Each structure stands twice: as structure tokens, then as C-alpha cells.
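Here is a short briefing to read alongside the model.

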Amino acid sequence: MNKTNKNNPKSKLKDLQTIITEPLESDVKSIGQQYARHLKLSMAKDEYSATKNDKFKSLVYTVRDRLFEKWINTQQSYYHNDVKRVYYLSMEYMMGRMLGNAMINLGLENTFHQALQELGIRMEELQNLEFDAGLGNGGLGRLAACFLDSMATLQLPAYGYGIRYEYGIFTQKFKDGWQIETPDHWLRYGNPWEIERPEYIYKINFYGDVQTIRIGGEMKHEWIDTEEIIAIAYDTPVPGYHNDTVNNFRLWSAKSTREFNLEFFNSGDYEKAVEDKISSEVISKVLYPRDDFVEGRELRLKQEYFLVSATLQDIIRRFKKIYHNEFRLLPEKVAIQLNDTHPTLAIPELMRILIDLEGLNWDEAWEISQKTFGYTNHTVLPEALETWRIALLEKMLPRHMQIIYDINARFLKQITEKFPNDTAKLRRMSIIEESQEKRIRMANLAIIGSHSVNGVAKLHTNILKTDLFRDFYEIYPERFNNKTNGITQRRWLRLANPLLSNLITETIGDKWITELTELKKLENFADDTKFQEQWQEIKYKNKKHLSQCIHKHLGIELNPESMFASQIKRIHEYKRQLLNALYIITLFNRLKSDQEFDMPARTVIFAGKAAPAYTMAKLIIKLINSIAKKINNDPEVNDRLSVIFMPNYSVSQAQMIIPATDLSEQISTAGMEASGTGNMKLSLNGALTIGTLDGANVEIIEQVGKENIFIFGLKADEVHSFRAIGYNPQQYYEQNTELKAAIDMIADGYFSEGQRDLYKPLLDSLLHNDYFMVLADYQSYVDTQSKVNELYLNKREWIKKSIINSANMGKFSSDRTIQQYAEDIWKVKPLKI
């Protein structure tokens with residue numbers, strides 16, 4: 001028998017590496033066979049016993065196989081070519097469903113569709129089974145996801161790092177119009193995209209003491225008697241578009257170092273037996289624990305350190321594998337980008353590693369650390385800049401607190417030498433906030449500890465330089481730079497709006513998928529009657545599709561012939577959903593008082609979540625739902641005005657709403673939105689914008705032209721002046737009849753079934769403070785909406801402006817943003833795989 005095998009060449013296996021590197025066939029037949037094989041061998045099912053979820057996972061595994069081939073090759077290429085690598089640290093990622101995006105980037109979307117069709121399976125049905133990984137809330141997390149896509153498409157050696165929250169951002173439901181939060185167990189059926197990496201586990205330390213000893217004239221510090229937990233890696237492939245690059249996205253999950261205490265169990269104390277496991281693993285349990293109580297804040301700080309400690313250990317491991325202890329090379333081979341202040345503890349953590357563990361002196365370590373980190377700021381709201389109580393940091397991270405004290409002392413010494421008599425400047429620039437309860441200013445630490453500080457829109461960056469961080473800019477002007485945010489057109493047009501993307505490709509070719517400035521060619525067709533009709537028909541079909549989905553899931557009928565005006569974003573007072581609500585009441589009153597009032601039928605769509613502890617935002621949601629209930633049940637007006645608040649906003653939901661939107665509501669208080677990216681997504685899909693001169697709206701105007709956008713309201717400097725001289729909102733209320741009527745209706749219980757005090761906190765805030773200038777901007781907003789209505793009645797002109805908006809979105813690709821990060825901050829070059 002053995003002899004026969006030996007003489008039969010067909011029985012011999014090739015060597016392992018040859019087998020591993022053999023490419024998978026990706027024709028229709030091969031994909032169909034591999035799908036069936038996964039159903040049988042990976043899911044242990046046949047055509048009779050397989051559930052829809054089994055079929056979905058088999059499809060993912062078939063797609064994933066092709067990603068894994070490129071993934072392995074990409075990582076080996078980075079190693080063999082000695083490249084500089086980028087590490088992107090973010091507490092949030094809103095990845096959305098990955099299946100459609102992966103097939104598009106692989107260039108196999110049609111092949112997979114055909115293979116499944118021949119097997120009698122509907123692709124759309126399986127795609128809709130995928131859970132959104134809700135590992136973020138709003139623009140910060142979605143931006144991070146867009147950046148990962150662009151880094152892979154540009155073939156940059158890059159890694160994303162975050163936390164594998166078992167429960168993501170909560171599932172939002174409405175009960176009597178109130179937001180109700182329930183757990184978002186996105187891992188209920190597992191995550192078929194990820195690979196657990198038990199070989200990459202790291203100990204994370206908390207609490208304990210610092211032992212200081214003198215060795216050879218130098219003080220050495222050792223962090224002792226700590227509590228330990230384990231970080232374990234889970235990896236997900238991130239493919240570039242139509243190339244062979246597949247980058248790595250690594251999420252950390254917390255595990256206990258002690259799974260089970262047998263002594264407690266044997267004594268009958270079963271809860272105590274697993275207490276350590278439960279308390280340790282809660283770190284990666286939920287995104288954004290409530291911070292309105294001490295335990296929630298402590299858990300959030302633990303999460304931030306958990307992320308940076310595990311990530312830096314992983315980065316140093318990878319660095320030492322090639323460069324051993326040559327840490328002077330670290331800034332030449334490693335760039336770490338901090339996505340907002342949440343990962344800022346990476347700065348003292350790297351200092352601790354270099355000084356305490358690797359034996360470098362302070363000056364060497366500080367120079368290396370500063371050259372390695374870049375910091376992106378995402379807020380101009382002083383109250384949103386992250387701070388931590390010193391008492392909490394000293395207890396949880398005692399060695400890091402010592403390092404922060406040292407950083408601050410050395411920094412203030414430099415400032416004192418430059419400005420010897422300016423104690424006010426010292427107080428403003430200090431990392432330590434000398435308030436009643438001393439706190440650490442994480443933004444100050446990030447600026448001092450990084451070589452680059454960037455804003456995310458021109459206006460935002462200018463505010464950082466001239467106001468928020470003016471003291472730092474005056475000393476370090478070379479550190480400050482702008483990187484206007486962007487979005488990936490592959491998800492937000494190619495995937496989200498296939499009808500429109502097909503029309504664009506048929507008209508100007510498909511180069512726009514990687515070079516969004518190609519869309520400029522669409523301007524040549526803005527006046528073309530046939531093209532306008534095609535454009536309008538696609539918008540109508542998208543509106544009809546959204547209407548059908550809403551009717552199926554919510555039982556609400558929408559009129560796809562009406563104007564769809566969407567305000568879809570996180571619920572916050574500065575984003576001014578309340579201003580929109582007041583306008584809706586004004587429209588309602590006009591329709592009720594004048595049956596002949598001429599306006600196009602309007603459907604107002606809201607979507608977004610309020611933070612669980614943000615009482616005012618949750619009250620705004622309740623008010624909007626109450627207004628919707630009243631209007632939608634009034635037969636005198638509901639054929640011309642309807643309002644819907646779609647629950648549980650997500651990336652997948654946005655991919656339905658955005659292509660169907662006619663009017664994009666970007667109405668934040670000027671000077672308060674750092675950038676915004678929803679404005680870009682909606683304009684890219686042909687929505688016209690009504691907005692303030694805030695965030696990236698300013699740059700959108702520059703691109704599309706002021707005649708193709710609706711701008712209203714106070715400018716950022718005017719808002720500042722109003723607050724400085726003393727603004728009286730009561731005066732606006734008294735002098736504006738329609739505004740007064742709208743507010744009085746809320747106050748009198750018209751929208752709350754007679755509960756006159758229900759919305760009192762909102763109204764008190766408006767009438768006695770109005771920090772967000774809602775009443776000041778009301779009349780300008782109403783007047784501008786009248787211009788919107790007038791233009792919408794001129795269908796040809798509206799469609800022309802819609803085309804022009806899409807055509808001029810080329811600047812707002814995240815590919816452009818990432819290219820600028822790579823060239824200006826990271827100094828990293830692409831590697832063709």
C-alpha cells in the first residue's frame with residue numbers, strides 16, 4: 001500500500017506553503033461550490049436543516065476566504081518591506097454591515113449575486129440578516145470606519161485599534177414617545193468576520209502602588225501590587241477597493257486572569273466564585289457606561305486605559321520583533337493617531353514603557369513619544385473637552401499620574417521662562433485644572449505630548465487656533481493643521497445608492513469610485529433634460545423604497561411625492577432639532593389657519609439617539625414624537641405635512657434614508673459643530689442643504705456655490721458677540737407672533753395632552769437662556785425654508801441644483817483626508833501589494 005502511494009505522484013501533497021499560497025478561484029461555479037462546502041463543513045447543515053443565519057454565515061465565510069488570502073499576504077509584505085506603520089486609536093467605530101462593502105471592494109459583487117441566484121438564494125435576504133456593529137454613537141465612530149476603508153484603498157500600512165464591546169450603543173425604542181434604551185447584543189449570533197487571536201494576550205494593570213528606588217544615582221519606579229486583567233485580540237480584515245491590500249482592524253476584549261475561584265465555590269459562595277471574572281470582563285461589556293454616577297465614570301476611564309495599554313504593548317511587540325531595542329527608530333517606523341482625547345493616556349503609557357520597562361532616560365523617551373503621536377480634536381465645546389478627577393487617576397493609575405505631574409512641571413517651567421509674569425496663561429495651559437476638585441485636562445496633555453494637532457474643518461481649526469487653544473497655537477504654531485473630514489464614496493454612494501451610482505458610471509465612467517473629483521464631469525449634464533429625468537426617477541424610487549420599509553416596520557405611510565427633509569444625527573441641543581420642531585409647528589399652524597396656503601407636501605424625517613443621561617435631549621425626542629402624533633393624525637394637514645422619528649438610527653438605516661432625502665437639515669449653532677459628515681453624505685447623494693455657516697458647511701458652500709445651498713442664521717463670531725453683550729431670548733419670543741404661538745402651544749399642553757409642565761425644562765431654557773440661539777435664528781430659518789419650498793415647486797431647477805451638489809463633492813472623500821494625514825502628519829508611504 002505504502003509502495004503504491006510512493007510511486008503514484010497524484011497521491012503526494014505539495015509542501016504546505018505552496019498549498020497555502022494557491023489562490024482561490026472566484027468564478028460563479030467555484031464560489032457556488034465553496035458556499036455549499038461551508039454550509040456543510042463549517043455550519044454542519046444541509047439544504048433541509050440550514051437556517052437563514054446558517055446561509056448568511058456560509059456566505060460570509062466564502063467572502064472571507066478571499067479576504068484572508070490577501071490579508072496574510074498584506075501583513076507579510078509589510079514585514080518584508082520594512083515599512084512605517086500607522087496605528088489609529090479610537091474608542092468608537094461605526095463599521096456598518098460589512099458584507100456588501102467587502103464584495104464591492106473585492107470586485108465580486110455580481111459574481112456572488114449570480115452564484116447565489118443559481119443556487120436559488122436571494123442575496124438581499126441574507127444581507128439584511130447582518131447586525132450593525134454599533135461600536136460608536138455618531139460621527140466620531142463613522143469617521144473612523146471611513147478612514148479604515150480609505151487607508152486600505154490607498155494601500156497604506158495601517159491598523160485600526162478599538163474595543164470589542166459586547167453590547168454596543170443601546171437599541172433605541174419609543175414608548176409613549178419617550179426614548180427607551182435596551183441592550184444592543186450585536187454578538188448574539190456571533191461575528192463571522194472576526195478571528196480570535198489567543199496568541200496575542202496582554203496583561204493590563206490597575207490600582208496598586210508605586211515603589212521608588214535609587215539605582216546608581218537614578219530613581220527607578222516600579223508599579224506593584226496591581227489588579228490584573230487580560231486583553232485578548234479579535235481581528236477583522238479591512239479590504240481596499242480593487243487592490244490586494246487587506247489591513248487589520250484589531251479589537252480588544254477583556255478577560256479575567258481568574259476565571260473561577262474553586263475555594264469559594266466549594267464553600268457554597270457561588271456568586272463570589274465568579275466575582276473576579278464578572279468585574280474584570282465588564283470593561284469591554286458596554287459602550288459608554290452612564291457617566292452621571294461614580295462607578296460609570298470609573299469604568300469609562302478603565303476602558304480608555306485598557307485600549308491604550310493593550311494597543312501599545314502590541315505595537316511595541318511588533319516593533320521589537322524587527323528593531324529590537326532601537327527605540328530611537330520608533331518615530332521613523334511608527335505613527336500613532338489619537339482620535340479625540342479618549343486614547344490620550346497612550347502618552348503617559350508610552351513614557352512608562354520607555355522609562356520604567358525599557359530603561360530610557362526622560363529626555364530620550366519624551367522626544368520619541370512626542371514624535372510618535374498625533375492628536376485629532378473633534379469638539380469646540382469647552383464642556384465636552386474630556387477631564388478626569390485627579391483623585392480617580394491617582395487611585396487607578398498611580399504611576400501614570402506621577403508621569404503626568406512630571407510632564408506638566410517640565411512644560412510649565414518652559415512657559416514660565418517665556419512668560420515669567422503671566423500666571424493666567426500658566427493656569428490656562430496647565431494639564432492640571434485648579435478647580436474646586438483638581439482635574440486632568442486631557443486635551444492639554446494631548447497637545448503637549450504630540451507633534452501634530454489637527455482640527456477637522458477649516459472653521460473648526462481656526463476656532464482652535466484663535467480661541468479654544470490660542471495659548472498653545474501661539475507657542476507651537478507649527479503643530480496645528482487642518483484635515484477636513486471626508487467620507488468613503490464606496491459605502492455612501494456605490495453601496496448605499498446603487499441606482500444613482502450606476503447612472504453616474506454609465507454617464508462618466510467609474511473612476512469616481514477612487515477619485516471622487518471625477519464627479520465634476522456631471523456638471524456637463526446638469527441641464528440635460530434626459531439626464532435630469534433619470535436623476536429624478538432614481539430619487540423617486542429611493543423615496544418609494546424608504547416609504548415601503550417604514551410602512552413594513554413601523555406601519556406608517558409616507559407620500560413619496562412629498563419633499564423628504566431629513567435631520568438624522570445624534571440628538572443634542574447644539575444640533576438644534578428643537579429649531580426644526582418649532583418650524584414644523586409653524587407650518588402646521590399656517591396649514592390649519594389657511595387651507596389655501598401654498599407649499600409643497602413635506603415629510604420631515606428625524607433619526608438619532610440621545611445619550612441615556614442627557615435628559616434635555618431625551619425630552620426633545622419626546623416633543624418631536626408628540627408633534628408627529630398630533631400632525632399625522634390630523635386629516636386637515638396630514639396629506640401635506642407629516643413627521644416621523646425613525647427609532648434606532650444606525651449606519652444601515654442611514655444608507656436607506658440618505659439616498660431618499662431631498663433636503664438635508666444641517667442647522668447646528670454656528671461655531672459649535674466641528675465638521676459633520678452627514679452633510680457630505682447627503683449632498684453626495686443629491687440632497688440640497690439648508691444650514692448655518694458651521695463646520696464643513698462652510699467648505700461645502702465653497703465647492704457647490706452659494707446659489708446651490710440654503711444658508712441662514714448667525715455666524716460663529718456673531719454668536720460669540722451675542723453671548724458677550726448679553727442676549728435676551730424673551731425679546732424674540734415677544735416680538736415674533738408665529739414663534740410665540742409655537743412656544744405657547746407647547747407650554748399650554750397642546751402636544752402633551754394637557755400636561756402643561758411636561759416640556760417646561762425645554763421652554764425655560766429657551767426663554768431664559770437659549771445658549772444655542774434657537775430663538776435668535778428662528779425667523780431666518782423660517783424665511784429660508786420658504787425659499788426651499790419655492791424652489792422645490794420648480795422641479796427642473798431643483799434637480800439641476802441636486803446634480804450640481806453631487807458633482808462638487810469631490811473634495812469630501814475620506815481618501816483625500818487620509819492622503820493629507822499620510823503626507824503631512826504620519827509621513828507614511830503606500831505599499832503596493
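## Overall fold

Among contacts in the chain (heavy atoms within 4.5 Å) between residues at least 6 apart in sequence, 76% join residues at least 24 apart. This is a predicted model, in which local features need pLDDT of at least 70, side-chain atom pairs count only at pLDDT 80 or more, and totals for chains, interfaces and linings use all residues. Residues are numbered from 1 along each chain as its sequence is written, and side-chain values use heavy atoms, with hydrogens and water left out.

- The chain holds 36 helices and 24 strands; these are DSSP runs numbered from the N terminus, with helices being H or I of at least four residues and strands E of at least two.
- A compact globule of 833 residues would have a radius of gyration near 28 Å, and the chain agrees because its own value is 28 Å. That radius is taken over C-alpha atoms, and the globule rule is 2.2 Å times the number of residues to the power 0.38.
- Along the principal axes, the C-alpha atoms of the chain fill a box of roughly 90 × 85 × 65 Å.
- Of the 833 residues, 59% count as buried, where buried means under 20% relative accessible area, exposed means over 50%, and partly exposed is in between (1.4 Å probe, protein chains only).

## Nonpolar cores

A nonpolar core is a set of buried Ala, Val, Leu, Ile, Met, Phe, Trp, Tyr and Cys residues joined through side-chain atoms within 4.5 Å.

- The largest core has 120 residues, and Met 151 and Trp 826 have the most contacts inside it.
- Helix α12 gives this core its largest share, twelve residues.
- A second, separate core has 118 residues, including Ile 487, Trp 492, Leu 558 and Ile 624.
- Not counting residues up to four places away in sequence, Trp 826 touches Lys 84, Val 86, Met 151, Leu 156, Ala 335, Gln 337, Ile 818 and Tyr 821.

- Glu 304 sits in helix α12, which covers residues 294-323, and counts as buried because its relative accessibility is 0%.
- Leaving out residues up to four places away in sequence, the contacts of Glu 304 are Met 91, His 342, Leu 345, Glu 386 and Trp 388.
- Ser 309 is also placed in α12, and at 2% relative accessibility it counts as buried.
- Beyond its neighbours within four places in sequence, Ser 309 is in contact with Lys 203, Ile 204 and Glu 349.

## Helix pairs

Two packed helices are described by the angle between their axes and the distance between the axes. Here the axes are lines fitted to C-alpha atoms, for helices over the stretch in contact, and angles run from 0 to 180 degrees between N-to-C directions.

- Helix α15 (residues 362-372) and helix α17 (residues 398-418) have axes that come within 13 Å and cross at roughly 90°.
- The pair α15 and α17 is therefore roughly perpendicular; angles of 65 to 115 degrees count as such, under 35 as roughly parallel, over 145 as roughly antiparallel and the rest as oblique.
- From α15, Trp 362, Asp 363 and Trp 366 meet Ile 403, Asp 406, Ile 407 and Arg 410 of α17.
- By class, this contact has four nonpolar, no polar and three charged residues. Ala, Val, Leu, Ile, Met, Phe, Trp, Tyr, Cys and Pro count as nonpolar, Asp, Glu, Lys and Arg as charged, and the others, Gly among them, as polar.
- The axes of helix α26 (residues 615-632) and helix α33 (residues 760-768) come within 9 Å and cross at roughly 110°, so these two are also roughly perpendicular to each other.
- Met 616, Leu 619, Ile 620 and Leu 623 of α26 make the contact with Pro 761, Leu 762 and Ser 765 of α33; by class there are six nonpolar, one polar and no charged residues.

## Helix α29

- Asn 697, Glu 699, Ile 700, Ile 701 and Val 704 are buried in helix α29 (residues 697-704).
- Their cover includes α20 (458-468), β22 (663-666), α28 (678-684), β23 (688-691), β24 (710-711) and α35 (795-807).
- Gly 705 follows α29 and has a positive phi, near 95°.

## Loop residues

Most residues other than glycine have a negative phi.

- Asp 225 has a positive phi, near 55°, in the loop between β9 (218-224) and β10 (227-239), and counts as exposed at 60% relative accessibility.
- Asn 648 has a positive phi, near 60°, in the loop between β21 (641-646) and α27 (651-660), and is partly exposed at 27%.
- Glu 596 lies in the loop between α25 (577-593) and β20 (602-607) and counts as exposed at 69% relative accessibility.
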